[in-house]
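The following exercises are to be worked through with the sequence and the model at hand. Each task is followed by a solution in steps.

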Amino acid sequence: MARAIWKGAISFGLVHIPVALVSATSSQGVDFDWLDKRSMDPVGYKRVNKVTGKEVTKENIVKGVQYQKGQYVLLSEEEIRSAHPKSTQTIDIFSFVDSEKIPLQNIDTPYFLAPDKRGGKVYALLRETLVKSNKVALAHVVLHTRQHLAALMPLESALVLVMLRWPAEVRELDVLELGDEVTHPTLAKGELEMAKRLVEDMSADWTPQEYRDSFEDKIMELVEKKANEGRLEAVETDPGEEQRKSADVIDLTELLKRSLGSKGKAPDKSSGKAPAKPAKTGKSAPAKKATKASRG
């Protein structure tokens, strides 16, 4: 299995399903690094005062939020840290909705979920329940100190966690200011028939292996050509890795009955709060995640 970037548990009712989060996508864009042409040393970003143009040292930088034009409220690092949501290492389900109810524009990044720590049976139970009920689970999860709204949904034999954009981040269609010729068109029957026939003539199977980024292909062809010609420059790099901790969770299938028995104490959907969970045991096991900043 691909390396997990997060480990924790799906939580609904009193049940915990141990899972590992695996990225469902990979960034294939060309990563252009900045280099000093005189020495081939990597070039970083400078912190520059936008008024004076002079470089500012790290100890002289504070963080602020613009409250009014030209007026900022300063926040300390401690105040900012205190505002971050607490990471519980759980995907806290707070509601189940019809799968077709989630607007397309709210969908963001997909992740695969794999069962962990002998949680396969409960994992399969949730997947089959979602399939048969035609529902998806809405949940909260904290990744990298940021709280996300997410949808947990079945995909063939697996479960997928799709990060959703918060409603405040999504614009309504009225920003397009569509006219009556679009919203209430007058279309001739012949026009519709010809357009339908054109679509049918151009219809094909989904063949993802044929869909390529031509820019990336051309750039990598140039890179390969120059490399084969010996036109290489030595550059020292140190990507580094960040240690992350994960949770040790309990597989409690029998809590389904207790969850049903306590449904009168269901979470408040308006707040998205999950019910109290049984105490966890064991110590967290670290998981590594390597990141690399891209520059374009």
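**Exercise 1. A salt bridge and its surroundings**

Is glutamate 229 buried, partly exposed or exposed? Determine also which side chain glutamate 229 meets in a salt bridge.

*Solution.* The model is a predicted one.
Step 1. The relative accessibility of glutamate 229 is 44%. The partly exposed class lies between the buried limit of under 20% and the exposed limit of over 50%, and glutamate 229 therefore counts as partly exposed.
Step 2. The side chain of glutamate 229 meets that of arginine 231 in a salt bridge, with a distance of 3.0 Å from N to O.
Step 3. Arginine 231 has a relative accessible area of 52% and is exposed.

**Exercise 2. Two further salt bridges**

State how many salt bridges the model contains, and describe the partners of lysine 63 and lysine 46.

*Solution.* 
Step 1. The count comes to 8 salt bridges.
Step 2. Lysine 63 forms a salt bridge with glutamate 77, and their closest N and O atoms are 3.5 Å apart. This pair links distant parts of the chain: lysine 63 belongs to strand β3 (residues 63–68) and glutamate 77 to helix α1 (residues 77–83), 14 residues apart.
Step 3. Lysine 63, at 45% relative accessibility, counts as partly exposed. Glutamate 77, at 40%, also counts as partly exposed.
Step 4. Lysine 46 is joined to glutamate 55 by a salt bridge whose closest N and O atoms are 3.9 Å apart. Lysine 46 counts as exposed at 62% relative accessibility, and glutamate 55 counts as exposed at 55%.

**Exercise 3. Aromatic pairs**

How many aromatic pairs does the model hold? Classify the geometry of each pair.

*Solution.* 
Step 1. The count comes to 2 aromatic pairs. Phenylalanine 12 and phenylalanine 96 form an edge-to-face pair, at 6.4 Å centre to centre and 80 degrees between the planes.
Step 2. Phenylalanine 12 is in strand β1 (residues 6–12) and phenylalanine 96 in strand β5 (residues 90–98), so the pair ties together parts that are 84 residues apart in sequence.
Step 3. Phenylalanine 12 is buried, with a relative accessible area of 18%, whereas phenylalanine 96 is partly exposed, with 36%.
Step 4. The ring centres of tryptophan 206 and tyrosine 211 are 5.1 Å apart and the planes are at 55 degrees, so this pair is tilted. Tryptophan 206 is exposed, with a relative accessible area of 69%, and tyrosine 211 is partly exposed, with 44%.

**Exercise 4. Positive phi angles in two loops**

Where in the chain are histidine 144 and glutamate 156, and what is the phi angle of each?

*Solution.* 
Step 1. Most residues other than glycine have a negative phi.
Step 2. Histidine 144, which is not a glycine, has a positive phi of about 55 degrees. The residue is placed in the loop between β7 (135–143) and β8 (146–155), and at 47% relative accessibility histidine 144 counts as partly exposed.
Step 3. Glutamate 156 likewise has a positive phi, near 55 degrees. Its position is in the loop between β8 and β9 (158–164), and glutamate 156 is exposed, with a relative accessible area of 76%.

**Exercise 5. The surface and the whole chain**

Identify the residues of the nonpolar surface patch that includes Val182, and then characterise the chain as a whole.

*Solution.* 
Step 1. The patch is formed by Leu173, Val175, Leu176, Leu178 and Val182, which together have about 490 Å² of accessible area. Valine 182 is in helix α3 (residues 180–183) and counts as partly exposed at 46% relative accessibility.
Step 2. The chain has 6 helices and 11 strands, and 24% of its 296 residues count as buried.
Step 3. The chain exposes about 22400 Å², of which carbon and sulfur atoms supply 54%.
Step 4. Among contacts in the chain with a separation of 6 or more, 70% are between residues 24 or more positions apart.

How values were computed: Residues numbered from 1 in each chain as written. Heavy atoms only, no water. Salt bridge = Lys/Arg side-chain N within 4 Å of Asp/Glu carboxyl O. Buried < 20%, exposed > 50% of the residue type's maximum accessible area, 1.4 Å probe, protein only. Helix = DSSP H or I, 4+ residues; strand = E, 2+ residues; numbered from the N terminus. Phe/Tyr/Trp six-rings, centres within 6.5 Å; stacked < 30°, edge-to-face > 60°. Patch = residues over 30% accessible without salt bridge, like charges linked within 9 Å, V, L, I, M, F, W, Y side chains within 5 Å. Areas by Shrake-Rupley, 256 points an atom, 1.4 Å probe, with all protein chains shown as cover. Contact = heavy atoms within 4.5 Å.
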